[in-house]
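Let us walk through a protein chain step by step. Keep the sequence and the 3D view side by side as you read.

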Amino acid sequence: MSNLELEVLRQDDASACCSPMVREPLGEAAAVDLARMFKALSDPVRLRLLSLIASYEGGEACVCDLTGPFAVSQPTISHHLRILREAGLVGSERRGTWVYYWVLPAALARLSALLDAPATAGDPR
């Protein structure tokens, strides 16, 4: 048996899950998963809902607080929240008669890491 020790190199969670597209191409499973997240965010109401939830004091918002800022019905808000939840962007928990939502930081980190492209010196683009 060897007495050699292996050093464990730590990576932050965002870089461990996926590399930016400029370094290596996405695999099929990662592309499907990330596309679901981006598709969920492609609707203006859902993008605003995510922003509203993320900016709420304490990091979570009751569904009762999310209907006021929008010119759509409560069932429509619930539909959009379900899409965000199924895409893995928000978590939720029922407390009595209300459901509370919060943004999942790991999901935002994945999206951010994917789009993180370092500026290249001398590249005008």
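This is a predicted model: local features need pLDDT of at least 70, side-chain atom pairs count only at pLDDT 80 or more; totals for chains, interfaces and linings use all residues.

Two strands count as paired if DSSP finds at least two bridges between them.

Now step back to the whole chain. What does its secondary structure come to? There are 5 helices and 3 strands. Read from the N terminus, the elements run α-α-α-β-α-β-β-α. The chain has 125 residues, and buried residues make up 27% of them. Look also at contacts with a separation of 6 or more: 59% of these are between residues 24 or more positions apart.

Return to the sheet and pick out its hairpin. Strand β2 covers residues 90-95 and strand β3 covers residues 98-103. They run antiparallel, and 6 bridges join them. The hairpin has 2 residues between the strands. There, G96 takes a positive phi near 70 degrees. E93 stands opposite Y100 in β3. R94 stands opposite V99 in β3.

Is V99 buried or exposed? Its relative accessible area is 15%, and the cut-off for buried is under 20%, so V99 is buried. V99 touches A61, C62, V63, S92, E93 and R94, leaving aside residues up to four places away in sequence. One of these, C62, is 37 residues from V99 along the chain, yet the C-alpha atoms of V99 and C62 are separated by 5.8 Å.

Next, see how the helices meet. Helix α3 spans residues 44-55 and helix α4 spans residues 74-86. Their axes come within 10 Å and cross at roughly 75 degrees. Angles of 65 to 115 degrees count as roughly perpendicular, and α3 and α4 are therefore roughly perpendicular to each other. On the α3 side, the contact uses V45, R46, L49, L50 and I53. On the α4 side, I77, H79, H80, L81, I83 and L84 take part. The residues of this contact divide into 8 nonpolar, 2 polar and 1 charged.

H80 counts as buried, at 8% relative accessibility. Which residues does H80 touch, not counting residues up to four places away in sequence? They are D43, V45, R46 and L49.

The axes of α2 and α5 come within 11 Å and cross at roughly 105 degrees. That makes α2 roughly perpendicular to α5. A30, D33, L34, M37, F38 and L41 of α2 meet A107, R110, L111, L114 and L115 of α5. Here the residues divide into 9 nonpolar, no polar and 2 charged.

In soluble globular proteins, nonpolar side chains tend to be buried together. In this model, the largest nonpolar core has 24 residues. Those with the most contacts inside it are L49, I53, L66, L81, L89 and Y101. Which elements each supply at least two residues of this core? They are α2 (28-41), α3, α4, β3 and α5 (105-115).

Finish at Y101, one of the residues with the most contacts inside the core. Leave out residues up to four places away in sequence, and Y101 touches I53, G59, E60, A61, V63, L66, L81, R85, V90, G91 and S92. Among them, I53, L66 and L81 are also listed with Y101 for the most contacts inside the core.

Technical notes
Residues are numbered from 1 along each chain as its sequence is written. Side-chain values use heavy atoms; hydrogens and water are left out. Axes are lines fitted to C-alpha atoms, for helices over the stretch in contact, and angles run from 0 to 180 degrees between N-to-C directions. Helices (H or I, at least four residues) and strands (E, at least two) are DSSP runs, numbered from the N terminus. Angles under 35 degrees count as roughly parallel, over 145 as roughly antiparallel, 65 to 115 as roughly perpendicular and the rest as oblique. Contact means heavy atoms within 4.5 Å. Ala, Val, Leu, Ile, Met, Phe, Trp, Tyr, Cys and Pro count as nonpolar, Asp, Glu, Lys and Arg as charged, and the others, Gly among them, as polar. A nonpolar core is a set of buried Ala, Val, Leu, Ile, Met, Phe, Trp, Tyr and Cys residues joined through side-chain atoms within 4.5 Å. Buried means under 20% relative accessible area, exposed over 50%, partly exposed in between (1.4 Å probe, protein chains only).
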